[in-house]
Amino acid sequence: MDFKRVAVVMAMEAEAEPLLEAVGARPADAPAWAAALPCKLYSAYEAGLELMVAVGGTDPFTGVDCIGTQAAALATQVAVSAHAPDLVVSAGTAGGYRRSGAEVGHVYVAWPRIVCHDRRIPLGGFDAFGRGEHPVADLRATAAELGMRSGIVTTGDSLDESTADAEAIAASGAEVKEMEAAAVAWVARLNEVPVTALKVISDLVDDPAPTPEQFAANLGSVVLILRDAVKALLDRLGPG
Ligand code: ADE
């Protein structure tokens with residue numbers, strides 16, 4: 001499966017920075033219609049691939065990185081419009097589960113779908129929309145060759161896991177909890193572009209230690225794993 005043009009969508013500056021440096025990425029222009037949006041675009045060549053990295057950017061109203069589904073959807077549409085990719089990758093950190101055998105630093109590639117866990121809409125006919133399930137490109141073989149795990153990725157707009165979230169996540173069979181992939185997948189699917197998600201575990205949701213503390217303690221090391229994992233995947237997917 002050779003791809004030629006890939007867009008990688010990332011949320012936090014700290015997640016993207018090591019990858020941008022490793023691939024020698026340069027700032028790229030967003031389309032004129034996207035001038036008011038916070039996302040930042042970068043382009044690079046990697047393993048024969050034309051690569052665009054779209055990062056959520058800084059929220060002008062609060063001054064922090066735009067994490068979560070809103071900015072991820074915008075960044076994905078901007079990247080798709082600017083780059084016309086043949087694959088979109090949602091890349092970043094995520095929570096994992098001890099009950100699934102996950103450890104901090106494990107790398108997951110989404111399979112067979114990306115879902116949502118916090119869109120509770122008990123109105124007739126809205127169930128499937130709320131679950132927000134989207135299929136992903138079948139990269140299982142490549143993931144296995146690279147020593148990466150495969151699993152269902154679930155998205156919500158909160159870092160914590162409420163009781164209702166926990167029930168939805170257990171029911172979906174998801175092994176990876178994060179805040180962007182389903183939005184990226186929805187926009188990629190609207191544009192008829194195949195999508196995947198590559199997530200590095202930065203914290204264990206079912207560990208007694210608070211998630212924010214785990215995340216802060218592990219971020220510096222897992223973004224380097226993320227850099228290497230995204231590069232390794234691109235090196236396999238490109239024409240070489
Ligand atoms: N990103 C990193 N860890 C996460 C978690 N536990 N939940 C949601 N998003 C995350």
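Start by selecting Arg113, Arg131 and Glu133, which are linked in a network of salt bridges. A salt bridge here is a side-chain nitrogen of Lys or Arg within 4 Å of a carboxyl oxygen of Asp or Glu. Before you go on: this is a predicted model, where local features need pLDDT of at least 70, side-chain atom pairs count only at pLDDT 80 or more, and totals for chains, interfaces and linings use all residues. Residues are numbered from 1 along each chain as its sequence is written, and side-chain values use heavy atoms, with hydrogens and water left out.

**Stop 1: the network**

Zoom in on Glu133 and Arg113, whose side chains meet in a salt bridge at 3.9 Å, N to O. Glu133 sits in the loop between H3 and strand S7 (134-135) while Arg113 is in strand S6 (residues 107-116), so the pair ties together parts 20 residues apart in sequence. Helix and strand labels follow DSSP runs, numbered from the N terminus: helices are H or I with at least four residues, strands are E with at least two. Glu133 is partly exposed at 37% relative accessible area, and Arg113 is partly exposed too, at 29%. For these labels, buried means under 20% relative accessible area, exposed means over 50%, and partly exposed is in between (1.4 Å probe, protein chains only).

Now step to Pro112, also found in strand S6. The peptide bond from Trp111 to Pro112 is cis, with omega near -5 degrees.

**Stop 2: a greasy patch**

Select Leu123, Phe126 and Phe129: they make a nonpolar surface patch of about 310 Å². Patches are built from residues with over 30% relative accessible area and no salt bridge; like charges are joined within 9 Å, nonpolar side chains (Val, Leu, Ile, Met, Phe, Trp, Tyr) within 5 Å. The areas come from the Shrake-Rupley method with a 1.4 Å probe, and for residues only the protein chains shown count as cover. Phe129 belongs to helix H3 (residues 127-131) and is partly exposed, with a relative accessible area of 47%.

**Stop 3: the ligand**

Bring up the ligand. Of the 13 residues around it, Gly95, Leu159, Lys177, Ser202 and Asp203 come nearest; a residue counts as near if one of its heavy atoms lies within 4 Å. Now look at the ligand's nitrogen atoms. A side-chain N or O atom of Asp203 is 2.5 Å from a ligand nitrogen, a polar side-chain atom of Lys177 lies 2.8 Å from a ligand nitrogen, and a backbone N or O atom of Gly95 lies 3.3 Å from a ligand nitrogen. Polar contacts are pairs of N or O atoms within 3.5 Å; within protein, one must be able to donate a hydrogen and the other to accept it, and residues adjacent in sequence count only if both atoms are side-chain atoms. Taken alone, the ligand exposes 260 Å², and the protein buries 96% of that.

Color by element next: strand S5 (87-96), strand S9 (176-178), strand S10 (195-204) and helix H7 (211-237) each give two or more residues to the shell around the ligand. S5 has the largest share, with 3 residues.

**Stop 4**

For a contrast in setting, pick Arg5 and Glu50, which pair at 2.9 Å, N to O. Arg5 is in strand S1 (residues 5-10) and Glu50 in strand S4 (residues 49-55), 45 residues apart. Arg5 is partly exposed at 26%, as is Glu50 at 32%.

**Stop 5**

Select Thr155 in strand S8 (residues 149-155). Its relative accessible area is 1%, so Thr155 is buried. The Thr155 side chain reaches the backbone nitrogen of Ala182 at 2.9 Å.

Then show the cysteines. How many disulfides does the whole structure hold? The search finds 0, with a disulfide being a pair of cysteine sulfur atoms within 2.5 Å. The sulfur of Cys39 has its closest cysteine sulfur in Cys66, 8.9 Å away, so the two are too far apart for a bond. Cys39 is buried at 12%, and Cys66 is buried at 11%.

Ala47, in the loop between strand S3 (40-46) and S4, has a positive phi near 55 degrees. Ala84 also has a positive phi, about 45 degrees, although it is not a glycine; look for Ala84 in the loop between helix H2 (69-83) and S5.
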